[in-house]
Amino acid sequence: MALISGLGTALSGMKVAQTQLDIIGRNIANVDTVGYTRKQAQQKSVVLAGSSMGVTIGDVTRSVNQGLLKSFLSSNSLTGQLNAQNEYLSKTEILLGTPEGDNSISANVANLQAAFNSFASDVTSASGRYNLLNQAQTVTSRLNSISQEIQKLRGDADLNITSSVAEINDLLDEIHELNENIVKYKVLKYDGVADLEDKRDTALRNLSEKIDISYFTRDTGEIVIQTTGGITLLDRDPHKLTHSAVTQTSATSTYAGGAIGGIMVDGVDITNQLRQGELKGLVEIRDVTLPSLQSQLDELAGVLKDSINQIHNQGTAYPQTPSEMTGTRDIINPDNQNIRISNGDVRFTIFDQNGKQVSTTTLLGDLHFPDAGASITDMTTTINNWLRDPNGANLPQAECKIDQDGHLYIETGDSSYTISIMDEASSTPGGEQKDVTIEYDVNGDGNYDRTFSGFSNFFGMNDFFVSNRNENIYDSKVISKNVNLGLRDIVTIGFSSSNSDTPLGSINIYPNDSVQDIVNKINNDPNLNQQLRASLVPNGSGYVLRIEDTTGSQLEIYENVAPGGTSSGVLEKLGMAPSNAGMAATIGVREELQAQPNLICGGSPEFNAASGEYQLNPAMNNIANAMGKVFDQTLNFNQSGTISETQTTLANYAATFVGNIASQTSNAESTLAYQQQLTNSISLKEAQVSGVDMDEELAQMIVFQQTYAACAQAFTASKEILDLLLNMVN
């Protein structure tokens, strides 16, 4: 029996050595295979009825450090996030140019300033006018194109989110299939479980680059995958992600506002729960980084437009003085919307072709427009009567009205006679030129809701810069979601639109309501939500309450105040005002100026004390000087993304966000380089622990070759003795 036992022991030793050699052979063959880990098998003694029956091979295991693997997954997720952000930031920096470069938007603004100053030095120079026009068009075209490219980048990021979601789902399917095979192989004691686990780890690594994950392994060998925020991605079955890419984005297309879809898992939006990974990086680019830059461009465009228009509307072109003027402000209901003029008077002057006064009047002092205010229709009727009156301008074909587009329109009816509008500090001829205060009652309830500076500026009669967008979007100042509105009573807020003859509707705001409640009330109101959309848009450290007329029509927001009542001031507390969102994409130089640069105003009418009349002087440059000085003035800029509310010059503001992008790009590059190095270091450490070492494998090969040879000799010796004994018996 001892001889038979010896034969069995020697044979089992040979089989185990052969298996070990086979494992070593596979290790050596896969030394350069990505994701392959060193395999090894433990030997176990076989004991039967208290007697040793040789050896057997145990389970084939992998040399894997789970702690290092999980560290790699976390580091790899952050690398994926930073890589996505760095790619888009680099493209954005190219768009804006470097702070010191001649092709940056800040350099374009500086060139425009120089053009205004050059124009002011000689307003009679044709080349100066054309240079100013070209530089203004360069700035507006650059703002337009950068905005277009930013929105294209946002769209690309959203498409990449869709692609990443598809890749994540494919990886979840792959891991699910590997899970099933691993469980089956373990139950059936099949070889190859360790190799399947290698493939699963490789898939996990690829998955971690796309989205932040954590996992744990069940006793059956399958793994359960969750996001680090606790969203289950794989638990026996995959929980697929879904996302529908947006077809087109604009400055007002936001995820917060519902214009961009979320990333869904089992019907739950997980967009805001992502912590790391390529998905997180793409979401931040789409919803934070690029919108922040867009809002800064819009703020620059809006402040540039308003500041220059404020001055240009004070001027009168000469010798090409217009005989007709059309405003840009949409008037929704001129019969009910009232204006009140204070702190001066509005002067209308008719000139002949030589720039000499034909007739002049003031709206308050001469035409007796009520100091308490009246409707816009009343105002146009008053002006129209003066234009046609033989004792007034005596222009029977002249007209003043609100045209079919809702704009104030004034014409002399005779191209030989031109018109000038100028605000003065008093009704007395020759008074100081000074913008009047315009108070605007947008719903005719006797409560003046908004205040403007300058008659022509209010109606947009002589704008330099224009935009094809109406005031269809209102934004609040940056606020907290839980801001206290300070209300003691119920307040009613109403809404009107230029495409509706009647108000759209209203909402009631209660003392304990939050801004989120305001959003919900607008979006849930069947009369309002057909045309209005409200949202809380992230901006810097807070949120902006945004109310948008989705038809693109002029929107007016006002507080309904009972007769004799007083306003709660809630709209002022919120800072609700027309938004600059989308301004950079739509700003341009007024078409009339592009066609006829001589319409650019260099000066305004001057009063001749000797004659007691106004006259136009082609060399008058007070308006040109004032427009040039705009660029030296400290202007107010609202908070826009990463730039807090600030006071600075136009060029400095442009340089600030150009510099911010350059700084962000530089920081992203260095952070990514560090993170890649860290990830590679973890990967190298893993390779040292779990990779195949050729020297070690060759040493083990020698051991098991010798083991096999020794067992073979023992087997041969036992067999020879057994054969000898059998021959003796026979």
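These questions and answers cover the fold of one protein chain in a predicted model.

Q: How do you know how much of the protein chain is buried?
A: Buried means under 20% relative accessible area. By that cut-off, buried residues make up 49% of the 730 residues. The accessible surface comes to about 32600 Å², and carbon and sulfur atoms hold 47% of that.

Q: What share of the contacts with a separation of 6 or more joins residues 24 or more positions apart?
A: The share is 69% in the protein chain. A contact here means heavy atoms within 4.5 Å.

Q: How many helices and strands does the secondary structure come to?
A: The protein chain has 15 helices and 32 strands.

Q: How do you know that the span of helix H4 is close to the expected one?
A: Set the two values side by side. H4 covers residues 126–188, which is 63 residues. The expected span is 1.5 Å times one less than the number of residues.

Q: What follows H4, and what is its phi?
A: Lys189 follows, with a positive phi near 60°.

Q: Why are S24 and S27 called edge strands?
A: The sheet is open, with four strands in the order S24-S25-S21-S27 and antiparallel pairing. Strand S24 (532–539) and strand S27 (577–578) each have a single partner strand, so one side of each has no neighbour in the sheet.

Q: What makes S21 and S25 a pair?
A: Two strands pair if there are at least two bridges between them. Strand S21 (residues 473–475) and strand S25 (residues 542–549) have three, in the antiparallel sense. The count therefore meets the cut-off. Ile473 stands opposite Glu548 in S25.

Q: Which helix packs on this sheet, and which strands does it touch?
A: Helix H9 (residues 515–524) touches S24 and S25. Its direction makes about 150° with that of S24.

Q: What makes S14 and S19 edge strands?
A: Their open sheet runs S14-S11-S18-S19, with antiparallel pairing. Strand S14 (374–375) and strand S19 (450–453) each pair on one side only.

Q: How do you know that S11 and S14 pair?
A: Strand S11 (residues 338–342) and S14 share two antiparallel bridges. Pairing needs at least two, so they qualify. Asn338 stands opposite Ser375 in S14.

Technical notes. Residues numbered from 1 in each chain as written. Predicted model: local features only at pLDDT ≥ 70, side-chain atom pairs only at ≥ 80, totals over all residues. Heavy atoms only, no water. Axes fitted to C-alpha atoms, helices over the stretch in contact; angles between N-to-C directions. Buried < 20%, exposed > 50% of the residue type's maximum accessible area, 1.4 Å probe, protein only. Areas by Shrake-Rupley, 256 points an atom, 1.4 Å probe, with all protein chains shown as cover.
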